[in-house]
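Subject: Structure handover

Hello,

Here is the structure I said I would pass on. My notes follow below it.

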Amino acid sequence: METTAKKKTSKKDYRKLILESYQQHVLEFGKEPASIFKFAKELKMTEGEFYTWFTSFDAIKSEIWVQLFDETVSQLEAQEVYKEYSAREKFLGFLFTWIEVLKNNRSYLLSLYSEKLKSLTSLPTELKEFRSKFKDYAGEIILEGKETQEIANRPILSDRYDEALWVQVLFVFNYWLKDQSPGFEKTDAAIEKSVNLAFDLMGKSALDSFLDFAKFLYQSK
Amino acid sequence: MAEKLKEQESIPVSKVQRAAKFISTGAKVGGNYVRHYAKKMVNPSLDKESLHQSNAEDIYKSLSQLKGSALKVAQMMSMDKNLLPRAYQDKFTMAQYSAPPLSYPLVVKTFQKYFGKGPEQLFNTFTRSAVNAASIGQVHQATLDGKKLAVKIQYPGVADSVSSDLKLVRPFALRLLNMNEKELDHYMEEVEERLLEETDYLLEIERSREISEACSHIPNLNFPNYYDEFSSERIITMDWIQGQHIKEWLETNPSQESKNQVGQALWDFYHHQVHNLKQVHADPHPGNFIIQDKDVLGIIDFGCVKVIPEDFYKGYFSLIKKDLLIKEEELNEIFYGLEFISDQDTEEEKVYFKGVFKEMISLLGKPFHAERFDFADDGFFEQIFELGDRISNDKMFKKSRQARGSRHGLYINRTYFGLYNLLNQLQAEVETTKPDWLK
């Protein structure tokens, strides 16, 4: 539908057009276009023109991820209760909303990622931007959690918490891709349980008391 | 009573603590189970019981990982016919309460999914955390236009996991409940059907309305109103029933008159359902009843409703006729009809099982044999438990090649067993009414 010539589109719209057409292409053909050249031709622009906006397909995919993230955050912040949430609830809220946002793009994501993302270690390059934005966001949640004592401050370890939450995001995404339950209810349950576990681990626990005690014994010898 | 409670304290500390953990989430285990169990615990001659107990602990731990319907099944099996060692029964009755609460963001999400709005927008106030837990959901309190409401929200994925949970519980059930495979399959189908119904909140509303309306003429009963505009497949909104649970109420030392009034209301409620409506609130769990001002009994949670088929009804209840135990011919016919015995049985088996079932029926039918029955009589319950224990350890039952008893009996037995237990807990003496055709 985007191929119908548009009169005098502004700069902003070109960007949008490319993103939409790319998604459209993936949806219709189940894979990304063969080359930038072919894709640009589809869009009735020259390859040279195309590079003004994006320089690779990865850059397009990256932008789509970022958009999904931005939309999630803006939806979240529109909820009044969000401000009153504890750190744990904020993160839960984030994942629930994020999955809702992803749901509208499920076919697109399935075509691109149902085969990939098998392992959580090798990260597709297009996720990098999303990851860094997410980590900023997660950092705020963690900071807040530490202030309210919801999250325990542990040397070295606590600097890696944002990484842990990111791994969880990937886990939830993977789980959701494979989820076949009606309304993705199982993903809801998976989010609930995994976030509770993560925050229980990050919170003050018997382990901290044990370490504290061990340290005391060692030092007072 | 005081003495018995003391006995309970002598259970090894760790067990009490563990049990307390479950109780703290609001569990009020049927008083009889606890009392009876405590008594047995201190009786050193009952080694087997303590063995069951530690088994139950372990099994409970693995089962509690399953949550939802698997626990429900275990719990239900444990109620059935009281054929199950008591230690398991306790664990499983408590199990119902142990699911972890839904987080508030998930509650919000569920609301948004069905109403496009968060709970704060729908109601004037809405409690952030659950005020009560149910086996497959949790209850929040809300207010709207000055009215207090109870909002029940189902855990996600429960409906979907019923069948797979049942498969998971199978090996446990086989090993634990002394049931043979045939018997188990026989029940599983019935259980699955009920459980799936229980996850259908729209059906629950429909039935709640139907039954409450049909029972509205019974004195001293109170039913909540249900609100369609705030209900969906996963959410039920109804009036908040203000009052006390049976255990709490009993602690206020109500008079015998009050106890009898509540007990009678309970009996009438079941009598009307079973004999006139032919469908019954099949979950007489203490948590589903609330005692209100002026000793009015509030009834909530119609998740589990069993429709009683006509021919089953006739057979089952003609057994409670007092003089029936003499008429051999008629009895044989009913036993065949209810699938207690079949042509596959040997003569020896027939005689044996008929004997056992006769004993069981005359015992369970005892309250029906007089105009009034005093459920405070613990001796009666001792007898039931004693018979249950005997049956569960009986070789003839274990090696029996077929399931005994109609599948419909599962829920009817459970209902009556639960009802008797509640009445015993209430220490009530009630007029045990019978339908005309049985008089």
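In chain B, 73% of the contacts between residues at least 6 apart in sequence join residues at least 24 apart; two residues are in contact if their C-beta atoms, placed from the backbone, lie within 7 Å. For chain A, residues 24 or more positions apart account for 69% of the contacts with a separation of 6 or more.

This is a predicted model: local features need pLDDT of at least 70, side-chain atom pairs count only at pLDDT 80 or more, and totals for chains, interfaces and linings use all residues. Residues are numbered from 1 along each chain as its sequence is written, while chains are lettered from A and ligands numbered from 1 in the order in which they are written.

Confidence and burial

Chain A has an average pLDDT (the predictor's confidence in each residue, from 0 to 100) of 84, and 91% of its residues score at least 70. Over residues 1-8 of chain A pLDDT stays under 50, and the model has eight contacts beyond four places in sequence for that stretch. Where pLDDT is low, the predicted coordinates should not be read in detail.

Buried residues (20 or more other C-beta atoms within 10 Å of the residue's own, C-beta atoms being placed from the backbone) make up 23% of the 221 residues in chain A. In chain B, 41% of the 439 residues count as buried.

Chain A

Chain A has 10 helices and zero strands; helices (H or I, at least four residues) and strands (E, at least two) are DSSP runs, numbered from the N terminus. Helix α4 (residues 57-78) and helix α7 (residues 128-147) of chain A pack with their axes 7 Å apart, at an angle of about 25°. Axes are lines fitted to C-alpha atoms, for helices over the stretch in contact, and angles run from 0 to 180 degrees between N-to-C directions. α4(A) and α7(A) are therefore roughly parallel to each other, that is, at an angle under 35 degrees.

From α4(A) the contact takes S62(A), W65(A), V66(A), F69(A) and V73(A), and from α7(A) K128(A), E129(A), F130(A), K133(A), F134(A) and Y137(A). By class these are seven nonpolar, one polar and three charged residues. Ala, Val, Leu, Ile, Met, Phe, Trp, Tyr, Cys and Pro count as nonpolar, Asp, Glu, Lys and Arg as charged, and the others, Gly among them, as polar.

Chain B

The secondary structure of chain B comes to 19 helices and 12 strands. Three of the strands form an open sheet of mixed pairing, in the order β5-β9-β8; strands pair if DSSP finds at least two bridges between them. β5 (221-222) and β8 (289-292) of chain B are the edge strands, each pairing on one side only.

β5(B) runs parallel to β9 (residues 296-299) of chain B, joined by two bridges, and N222(B) stands opposite G298(B) in β9(B). β8(B) and β9(B) pair in the antiparallel sense over four bridges, with Q292(B) opposite V296(B). Their hairpin has three residues between the strands, and K294(B) takes a positive phi near 60° there. Helix α13 (residues 256-277) of chain B lies across β5, β8 and β9 of chain B, at about 45° to β9(B).

Between the chains

The contact takes 14 residues from chain A and 12 residues from chain B. On the chain A side, α5 (87-103) and α9 (185-202) are the elements that give two or more residues, and α9(A) gives the most, with five residues. The residues on that side divide into five nonpolar, three polar and six charged.

Regards

Terms used:
Parallel < 35°, antiparallel > 145°, perpendicular 65-115°, else oblique. Buried ≥ 20, exposed ≤ 12 C-beta atoms within 10 Å, placed from the backbone.
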